[in-house]
Amino acid sequence: MHRACAQDHGTADDLAQLVPVLYECAAHVIEGSFEKTNHSLRRIRQLASVVDGPLQRLSMIVADSLARRLLCPIQGFSAALIDPSLYLEQCCLRAACDNFANISPFLSTGFVTINRAILEQVQDEKVVRIIDLSCSTTHRWQWLKILHDFHDRPGGPPELRLTVVHEDSEFLDNMQAVLSKQAATLMPSFHFDKVIGTLETLDFSNLREILKINFGEAVVISCALKMHRLLTVDDSVSLDGIAQLQQMANMAQLKKMASSMYSPASTLSYPQTPSPQRQIPNLLVSFLSAVRMLRPKILVMMEQEADHNAPLFHDRFAETIPYYAALFDSLRAVAATNQQRARVERMLLGEEIKNILVCEGVQRHERHERLSQWEMHMQRCQFDHVPLSYEAIREGKERLISYKLKECRSIEDSGRILLCWGATRLYSISAWRPHR
């Protein structure tokens, strides 16, 4: 007992030093100083190796990202770095996605809430077409549950047709087999359609045919943690003129943060500033225009509640640390094996972090934005907000409470849900339909 307490105290001391060193290292990367960055990276590794905690593991991923970013301007070095996504086996990525859906209290809460919103919109429909655009986030559990919910619907289940978009054909085959077997005992008619690809690569000019939608079907759309990929634009920032001055100010701000002694608690509750209004990317406009033509009953989306889409590295870095510190801490708290947690942290969240911090322009696709920004995007594309019902919010809250984690919280805001870990908002859930 005494040993554990001493270890916890040591961890707190290390965390108090670790966070400022991360900011210091980021400032050195912006400055382009190999010598100073090397010193900071060695210090990060030293502090992170004392105890295997969530912030220590996050720090090692951030350090890797900072080292890669420092090398990016040197074409020979950057070209020699192998992108981990190129050598990660599909089965490993599949296992990591499955682990994330199984252990994250937030994903399952999102699935439950989305399902209830869908069920309410089609409660009297005879033929229902569900479009799942969650791609790698999709999980058979969500649709196994909705099969049972439709089976228990007053008046009996509808004819259900499910279209799932995913880039892994083997995953789709397995999902079809599991759902079809279960549906045989629950539904009078069930049809599974596979679309191999990703949301951002679909042909929006022919979306109805691509998604196998027939006229006369009641269409509903589910999209979890993938809409932000439609925000990709070529917004690479040059370091000339005003941008150079801005970069210098960013470096000074990071150094100021580095000189502050952040506590572990303050790291997880880093102040979140309002997002500026941005132009709507053409890819998102094209997608939402195509969706309007489908006239869906509802589009329910779950997104990361963070602003990781700032054009300048400094702003993204300042948002990344507190957000992923909270997310990594939540994974520590759930009853998961080290192997499950490690897969999620390294193969999924770690790759997200690297994309946010290292990549620029069209290569940067993890462009998370806050709900306030999404509201502006949706409204400007002629979509109206559909408040989630009391029942949908209640089911979501009950699912979150079932994990018995005191830091798990949900905030209801005008028919929208924000899922939090402590004071940090991690995910938003909202519903929309085309303006009529």
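This is a predicted model: local features need pLDDT of at least 70, side-chain atom pairs count only at pLDDT 80 or more; totals for chains, interfaces and linings use all residues.
Tyr324 is buried, its relative accessible area being 0%. Helix H13 spans residues 313-333, and helix H3 spans residues 54-71.

**Aromatic pairs**
- The aromatic pairs number five.
- One of them joins Phe313 and Phe317 in a tilted arrangement, with 5.9 Å from centre to centre and 45° between the planes.
- Phe313 and Phe317 are both part of helix H13, where they stand four residues apart, about one turn of the helix.
- Phe313 and Phe317 are both buried.
- Tyr323 and Tyr324 also form a pair, which is edge-to-face, with 5.1 Å between the centres and 80° between the planes.
- Tyr323 has 3% relative accessibility and therefore counts as buried, the cut-off being under 20%.
- A single aromatic cluster is formed by Tyr23, Phe313 and Phe317.

**Charge over a ring**
- Arg208 places its charged end over the ring of Phe215, at 4.1 Å from the ring centre.

**Packing of H3 against H13**
- The axes of H3 and H13 come within 9 Å and cross at roughly 150°.
- H3 and H13 are therefore roughly antiparallel to each other, because angles over 145 degrees count as such.
- The crossing of these two helices, H3 and H13, is right-handed.
- On the H3 side, the contact residues include Pro54, Leu55, Leu58, Ile61, Val62 and Leu66, together with Arg57 and Arg69.
- On the H13 side, the contact residues include Phe313, Phe317, Tyr324 and Phe328, as well as Arg316, Asp329 and Arg332.

Notes: Residues are numbered from 1 along each chain as its sequence is written. Side-chain values use heavy atoms; hydrogens and water are left out. Rings of Phe, Tyr and Trp (its six-membered ring) pair if their centres lie within 6.5 Å; planes under 30 degrees apart count as stacked, over 60 as edge-to-face and the rest as tilted. Buried means under 20% relative accessible area, exposed over 50%, partly exposed in between (1.4 Å probe, protein chains only). A charge sits over a ring if NZ of Lys or CZ of Arg is within 6 Å of the ring centre and within 35 degrees of the ring normal. Axes are lines fitted to C-alpha atoms, for helices over the stretch in contact, and angles run from 0 to 180 degrees between N-to-C directions. Angles under 35 degrees count as roughly parallel, over 145 as roughly antiparallel, 65 to 115 as roughly perpendicular and the rest as oblique. A crossing is left-handed if the near helix is turned anticlockwise from the far one by less than a right angle, and right-handed if clockwise. Contact means heavy atoms within 4.5 Å.
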